[in-house]
Amino acid sequence: MAAPQDDMFSLCVDPTKVSGCVEVRFIDKIKVMYCSNECRQAAADQYHRALCLGTSQEDPNHPISKLKDAWRSMHYPPETSSIMLMARMVATVKQAQDKGHWQKLFSQFCSRAANEEEEIAHKLLGEKFEGQLTVLRTLFTTALYDDHLNRWFTPEGFRSLFSLVGTNGQGIGTSSLSQWVHACDALALTSQQRVQLDSFIDQLYKDVEKETGDFLNCEGSGLFLLQSACNHSCIPNAAASFPSNNFLLHLSALSDISPGEEIGISYLDCCQCDRSRHSRHKILRDNYLFICSCPKCVSQMDELDLTSDDEEEEGEAEGDDMEDEMTDV
């Protein structure tokens, strides 16, 4: 977590080892190191002192270790939300001289109604979310309780905090495959070669996702205040990316944006954006709890309410019928 730019909760990740406490869990799956003593000191001053395990690093009974282990055993999907991101929010307030500043800053992120918070918790933790949320809150309270944030440790407050991270958390994608795919965009190819390459990449993702799940390019979750203010659009005029292969989020225009025009990013990947309106709505409703009314969706209101899978099955059925007719002939 760095200062509140649009790298608000992140760390430098260049693997240059420095003296002292240099290794932390920025992304739950991997260990990363600070790029310099200055970065290490900045993290220590902002939040790390409240979370540092010190000589208890290997102690499985340390409250923070128990919290991490519980999270790893239950969170679903893997990288959608991180309990340690919530822990850093608490740690930042605990260490801050101006605690009100950070609480006000966190309040700027989108919040949800109670029923929506419950749906988000269900989405993140699965069918057993109620019991798991209770376990997490108990461990979270034992490890991090602070009087200034007592509301965050109540059942309702913890669910709201969990929902805040689940709603506003931006997946941080820096995988080598993602970088390779982006590099392919710059290749000078003929139309036929581009179609062949796109088809290869699509199949590659499908094959890999069978093993990794849907979060291949998502190595963690971060909170970015400016990016979180951007609404979704199925025809976005901007895109969030991590071109420097680290925690720094870049928000880049995809087309000319006029003064006063809303900046929209897509919560869907490229393949999902090309699916039918009904399919897009189903994904957004299931994962983000809203119905999209962007210009593309409005223009397609008269489409049949079929998901893309239904359309494919219908197409296959028609193909089978044609084969039968040909066989009959």
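These legends walk through several close-up views of one predicted model.

Local features are described where pLDDT is at least 70, side-chain atom pairs count only at pLDDT 80 or more, and totals for chains, interfaces and linings use all residues. Numbering starts from 1 along each chain as its sequence is written, and side-chain values rest on heavy atoms, with hydrogens and water left out.

**View 1. The whole chain, to get our bearings.** The secondary structure comes to 14 helices and 8 strands; here helices (H or I, at least four residues) and strands (E, at least two) are DSSP runs, numbered from the N terminus. Of the 329 residues in the chain, 41% count as buried, where buried means under 20% relative accessible area, exposed over 50%, and partly exposed in between, with a 1.4 Å probe and protein chains only. Among contacts in the chain with a separation of 6 or more, 64% come from residues 24 or more positions apart. Contact means heavy atoms within 4.5 Å.

**View 2. Helix 1 and its bend.** Helix 1 covers residues 37–51, and at D45 helix 1 bends by about 70°. That bend is the angle between axes fitted to the seven residues ending at a position and the seven starting there. The end C-alpha atoms of this 15-residue helix are only 18 Å apart, short of the 21 Å that a straight helix would reach at 1.5 Å a residue; the expected span is 1.5 Å times one less than the number of residues. Buried positions in helix 1 are C39, A43, A44, Q46, Y47, H48 and L51.

**View 3. Helix 1 meets helix 3.** The axes of helix 1 and helix 3 come within 8 Å and cross at roughly 115°, which means that helix 1 is roughly perpendicular to helix 3. Axes are lines fitted to C-alpha atoms, for helices over the stretch in contact, and angles run from 0 to 180 degrees between N-to-C directions. By convention, angles under 35 degrees count as roughly parallel, over 145 as roughly antiparallel, 65 to 115 as roughly perpendicular and the rest as oblique. The crossing is right-handed; a crossing gets that name if the near helix is turned clockwise from the far one by less than a right angle, and left-handed if anticlockwise. On the helix 1 side, A44, D45, Q46, Y47, H48, R49, A50 and L51 take part, meeting M84, A87, R88, A91, T92 and Q95 of helix 3.

**View 4. Helix 3 on its own.** Helix 3 spans residues 83–95, and 11 of its 13 residues are buried, so the helix is mostly covered. The buried set consists of I83, M84, L85, M86, A87, R88, M89, V90, A91, T92 and V93.

**View 5. Helix 3 beside helix 4.** Helix 4 takes in residues 99–106, and its axis comes within 7 Å of that of helix 3, crossing at roughly 150°. The two helices are therefore roughly antiparallel. Helix 3 contributes M89, T92, V93, K94 and Q95 to the contact, while helix 4 brings K99, W102, Q103 and F106. Helix 3 passes helix 4 in a right-handed crossing.

**View 6. Helix 3 beside helix 6.** Here the axes come within 11 Å and cross at roughly 30°, again in a right-handed crossing. I83, M86, A87, V90 and K94 of helix 3 touch L136, F140 and L144 of helix 6.

View 7. L139 lies in helix 6 (residues 129–144) and is buried, with a relative accessible area of 19%. Leaving aside neighbours within four places in sequence, L139 is in contact with K66, L67 and A70. The C-alpha atoms of L139 and K66 are separated by 7.2 Å, although these residues are 73 apart along the chain. Helix 2 (residues 63–74) reaches 17 Å from its first C-alpha to its last, close to the 16 Å expected for 12 residues. Its buried residues are I64, S65, L67, K68, A70, W71 and M74.

**View 8. L223 in its loop.** L223 sits in the loop between strand 4 (221–222) and helix 10 (225–228). At 0% relative accessibility, L223 counts as buried.
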